[in-house]
Amino acid sequence: MNLDSSPLDQTDVEGFFSLVEKNIGVALDASKVYLIHSRLSSIVTEHRFAGHSALLRFLITNPVGEIHWQAFEAMTTNETSFFRDIHPFEILKTTIFPDLIHKRKDSRELNIWSAASSTGQEPYSIAILLREHFPELTGWKIRILATDISEQALEKASLGIYNQTEIQRGLSEAQIQRHFKKLPNGYYEINPDLRSIVQFKQMNLIQDWPLMAKFDLILIRNVLIYFNQVTKSQIVKRLYTQLLDSSSYLILGSSESILFDQTYKIVQLDRVSYYQKR
Ligand SMILES: C[S@@+](CC[C@H](N)C(=O)[O-])C[C@H]1O[C@@H](n2cnc3c(N)ncnc32)[C@H](O)[C@@H]1O
């Protein structure tokens with residue numbers, strides 16, 4: 001671990017922050033300078049830079065390459081948990097999935113996208129919810145696409161293995177018993193039948209999007225808050241074209257809103273807002 005905490009050149013910090021924003025959309029300001037020390041130390045050590053200042057100099061004076069992507073990824077926040085902010089999952093259970101199941105009864109197909117899925121707790125929570133409350137979906141084609149920019153987060157997500165603390169954040173003892181296998185090392189692995197519903201793919205929300213299916217439900221939670229207004233509204237416009245039709249749903253994080261985009265209809269239900277095509 002590199003414990004260098006020497007002062008950083010402000011121009012280098014600004015140069016690095018603008019590289020981060022240009023490449024991954026995450027907008028950082030002076031209040032986030034401490035993240036350079038706390039998040040980039042392992043890169044300083046691994047690549048034998050003299051310190052954080054030397055790493056920043058390298059990053060701003062060289063074309064974007066592998067070390068840059070390591071640094072960009074380190075500046076993202078991967079905080080998540082199973083059934084995070086429980087309310088949207090309540091609405092999914094009581095309102096959204098019953099409606100979608102009714103509307104898609106002929107195609108018997110549901111396409112769901114968890115955009116910025118971090119280490120997988122969000123898409124697996126949806127898989128668990130569907131398994132526990134909608135037995136009528138047996139025989140349907142259910143696909144949950146989970147994407148994130150962070151390869152490390154996706155690697156963990158696709159393994160579906162969590163430690164004791166992670167598993168206890170949001171899951172009941174009964175849910176742990178039902179959907180996970182305890183491994184000899186004390187970790188918990190999600191059952192293969194749930195694992196197989198979720199497909200993980202790396203994707204940068206601010207670059208070109210691959211050709212994807214249209215979705216019945218998109219969750220993009222706790223990531224738009226990191227972007228500036230222009231980036232946010234570009235992403236929100238693109239999400240609109242990814243919703244299958246006016247009965248599809250878009251759900252954001254509890255502190256996020258896209259009221260600025262009039263093409264969406266906003267519906268407020270209990271404590272949850274969701275969006276649909278007008
Ligand atoms: C705070 S987590 C949110 C996880 C989950 N959606 C939740 O609400 O619990 C934010 C995620 O956004 C991802 N992220 C940040 N910038 C991104 C970008 N440009 N494209 C795709 N994912 C990005 C990060 O890697 C991180 O995993």
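Colleague: In which helix is Asn-23 found?

Modeller: Before I answer, please keep in mind that this is a predicted model. The helix in question runs over residues 10-24, and Asn-23 belongs to that stretch. The helix that holds Asn-23 is therefore α1.

Colleague: Is Asn-23 buried or exposed, and which residues is Asn-23 in contact with, leaving aside neighbours within four places in sequence?

Modeller: Because buried means under 20% relative accessible area, Asn-23 counts as buried at its value of 12%. Asn-23 and Ile-206 are 183 residues apart in sequence, yet their C-alpha atoms are 7.6 Å apart in space. Leaving aside neighbours within four places in sequence, the contacts of Asn-23 are Val-64, Trp-69, Phe-72, Asn-204, Ile-206 and Gln-207.

Colleague: How many residues surround the ligand, and how do the residues of the shell divide into nonpolar, polar and charged?

Modeller: The ligand is surrounded by 21 residues, and the closest of them are Ile-24, Thr-80, Ala-116, Asp-148 and Asn-222. Sorted by type, the residues of this shell are eight nonpolar, eight polar and five charged.

Colleague: Which side chain has a polar atom 2.9 Å from an oxygen atom of the ligand, and how much of the ligand does the protein bury?

Modeller: The polar side-chain atom at 2.9 Å from a ligand oxygen belongs to Arg-84. On the nitrogen side, an N or O atom in the side chain of Asn-204 is 2.9 Å from a nitrogen atom of the ligand, and a backbone N or O atom of Leu-205 also lies 2.9 Å from a ligand nitrogen. Taken alone, the ligand exposes 600 Å², and of that the protein buries 99%.

Colleague: What is the phi of Ala-116 near, and where does Ala-116 lie?

Modeller: Most residues other than glycine have a negative phi. Ala-116, which is not a glycine, has a positive value near 65°, and at 17% relative accessibility Ala-116 counts as buried. As for its place, Ala-116 lies in the loop between β1 (109-115) and α6.

Colleague: Arg-48 also has a positive phi; is Arg-48 buried or exposed?

Modeller: The phi of Arg-48 is near 55°, and the residue sits in the loop between α2 (34-46) and α3 (52-61). Its relative accessibility is 77%, so that Arg-48 counts as exposed.

Colleague: Why are the buried residues of α7 on the same side of the helix, and which elements do they pack against?

Modeller: In helix α7, residues 151-159, the buried residues are Ala-153, Leu-154 and Ala-157. They cover an arc of only 95° around the axis, which is why they are on the same side of α7. On the other side of α7, Gln-152, Glu-155 and Leu-159 are exposed. The elements that the buried residues pack against are α6 (121-133), β2 (141-148), β3 (161-162) and β6 (198-202).

Colleague: Which residue follows α7?

Modeller: The residue after α7 has a positive phi, near 65°. That residue is Gly-160.

Colleague: Which side chains are joined to the side chain of Ser-247 by polar contacts?

Modeller: Ser-247 is found in the loop between α11 (229-242) and β8 (249-252), and it is buried, with a relative accessible area of 11%. Not counting residues up to four places away in sequence, Ser-247 touches Asp-99, Leu-100, Lys-103, Arg-104 and Gln-276. The polar contacts of its side chain are one of 3.1 Å with Arg-104 and one of 2.7 Å with Asp-245.

Technical notes. Residues numbered from 1 in each chain as written. Predicted model: local features only at pLDDT ≥ 70, side-chain atom pairs only at ≥ 80, totals over all residues. Heavy atoms only, no water. Near = heavy atom within 4 Å. Polar contact = N/O pair within 3.5 Å; in protein donor to acceptor, adjacent residues only side chain to side chain. Areas by Shrake-Rupley, 256 points an atom, 1.4 Å probe, with all protein chains shown as cover. Nonpolar A, V, L, I, M, F, W, Y, C, P; charged D, E, K, R; others polar. Buried < 20%, exposed > 50% of the residue type's maximum accessible area, 1.4 Å probe, protein only. Helix = DSSP H or I, 4+ residues; strand = E, 2+ residues; numbered from the N terminus. Arc of directions from axis to C-beta. Contact = heavy atoms within 4.5 Å.
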